[in-house]
Amino acid sequence: MRIGILGSGLMGGKLGTIFARAGHEVVFSYARSEQKLKKLARDAKRKARSGTPREAAQDADALLLAVHWSRMDDVLKQVGDLSDKVIVSCSLPMNADDTALAVAHTSSGAEELAKKIPQARFVSAFNTVPSEVFFDVYAGKRKARRSRFGPSLVYCGDDPKAKKVAAQLIRDGGFDPVDAGPLRVARYTEPFALLVAQLAYEGKGGPELAYRFERFPG
């Protein structure tokens, strides 16, 4: 598939690299500098390159939306038309100083974004672990497959086509995709994701603690 990365920070950079190494064509976009985008593309190797948000979206089978909540309107403006595009949102709706969720309880960041772009196909995924654990999970993919329970990652959405694409990307990330249901489930997974991140950074085990939390049995 062709995957457009909108937001090439820690999460977008890591996932884009994983997807490129899994054989997908990846376009990194929306970073602080063009040099950073080019470096990401070089490090990812294979079919990876840098581009603008509009170029990342062009002919993409899926777009990974991985920018801070405060930059959402800017990146969406740069992308342009997103009609019928599969968008996988992995950004938590955090306030400016990252101390709390800006959207919670009765809605979610994914739901609010879906309202902004009703013509797109939204899936919420990749927001249930801090980005630092992704490479460790990917590296241990073969070992996890030999065990009874591999690391799982939940996703939710209303569009079957988009959820199928997201499930494939989750597998490529080294996780077992767990369909949590419709997009409104994101209002429950996003607060949980924040809790897991706080435990990972503040707990004695560090990010590895979040990895253990991803092991959903059954």
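This is a predicted model: local features need pLDDT of at least 70, side-chain atom pairs count only at pLDDT 80 or more; totals for chains, interfaces and linings use all residues.
**Strands around β4**

- Helices (H or I, at least four residues) and strands (E, at least two) are DSSP runs, numbered from the N terminus.
- Strand β4 runs parallel to β1, and 4 bridges join them; two strands pair if DSSP finds at least two bridges between them.
- β4 also runs parallel to β5, this time with 3 bridges.
- Leu 65 has Ser 89 as its bridge partner in β5.
- In a regular strand, side chains alternate between the two faces of the sheet.
- In β4, Ala 62 and Leu 64 point one way, Leu 63 and Leu 65 point the other way, and all are buried.
- Here, buried means under 20% relative accessible area, exposed means over 50%, and partly exposed is in between (1.4 Å probe, protein chains only).

**A closer look at Ser 89**

- Ser 89 belongs to strand β5, which spans residues 86–89.
- With 2% relative accessibility, Ser 89 counts as buried.
- Leaving aside residues up to four places away in sequence, Ser 89 touches Leu 65, Leu 113, Phe 122, Val 123, Ser 124 and Ala 125; contact means heavy atoms within 4.5 Å.

**Helix α4**

- Together, β4, α4 and β5 make a right-handed β-α-β unit. A crossover is right-handed if, with the strands pointing away from the viewer, the path from the first strand over the helix to the second runs clockwise.
- Within α4 (residues 72–79), the buried residues include Met 72, Val 75, Leu 76 and Val 79. They cover an arc of only 100° around the axis, which puts them on the same side of α4; the arc is that of the directions from the helix axis to the C-beta atoms.
- Asp 73 and Lys 77 are exposed on the other side of α4.
- The packing partners of the buried α4 residues are β1 (2–6), α3 (53–57), β4 (62–65) and α5 (109–116).
- After α4 comes Gly 80, with a positive phi near 90°.

**Helix α2**

- Which residues of α2 are buried? Leu 37, Leu 40, Ala 41 and Ala 44 are. They sit on the same side of α2, because they cover an arc of only 95° around the axis.
- Gln 35 and Arg 42, on the other side of α2, are exposed.
- The cover over the buried residues of α2 includes α1 (10–21), β2 (25–29) and β3 (48–50).

**Salt bridges**

- Side chains of opposite charge can pair when their charged atoms come close.
- How many salt bridges does the structure hold? There are 9, a salt bridge being a side-chain nitrogen of Lys or Arg within 4 Å of a carboxyl oxygen of Asp or Glu.
- Lys 39 pairs with Asp 43, their closest N and O atoms being 2.8 Å apart. The two are 4 residues apart in helix α2 (residues 34–44), so about one helical turn separates them. Lys 39 is partly exposed at 45% relative accessibility, and Asp 43 is partly exposed with a relative accessible area of 36%.
- Lys 116 forms a salt bridge with Asp 73, with the closest N and O atoms 2.8 Å apart. Lys 116 lies in helix α5 and Asp 73 in helix α4, so this pair ties together parts that are 43 residues apart in sequence. Lys 116 is partly exposed, at a relative accessible area of 47%.
- Lys 163 forms a salt bridge with Asp 179, and the closest N and O atoms are 2.8 Å apart. This pair links distant parts of the chain, with Lys 163 in helix α8 (residues 160–172) and Asp 179 in strand β8 (residues 176–179), 16 residues apart. Lys 163 is buried, with a relative accessible area of 12%, whereas Asp 179 is partly exposed at 44%.
- Asp 84, Arg 121 and Asp 159 are linked in a network of salt bridges.

Definitions and conventions. Residues are numbered from 1 along each chain as its sequence is written. Side-chain values use heavy atoms; hydrogens and water are left out.
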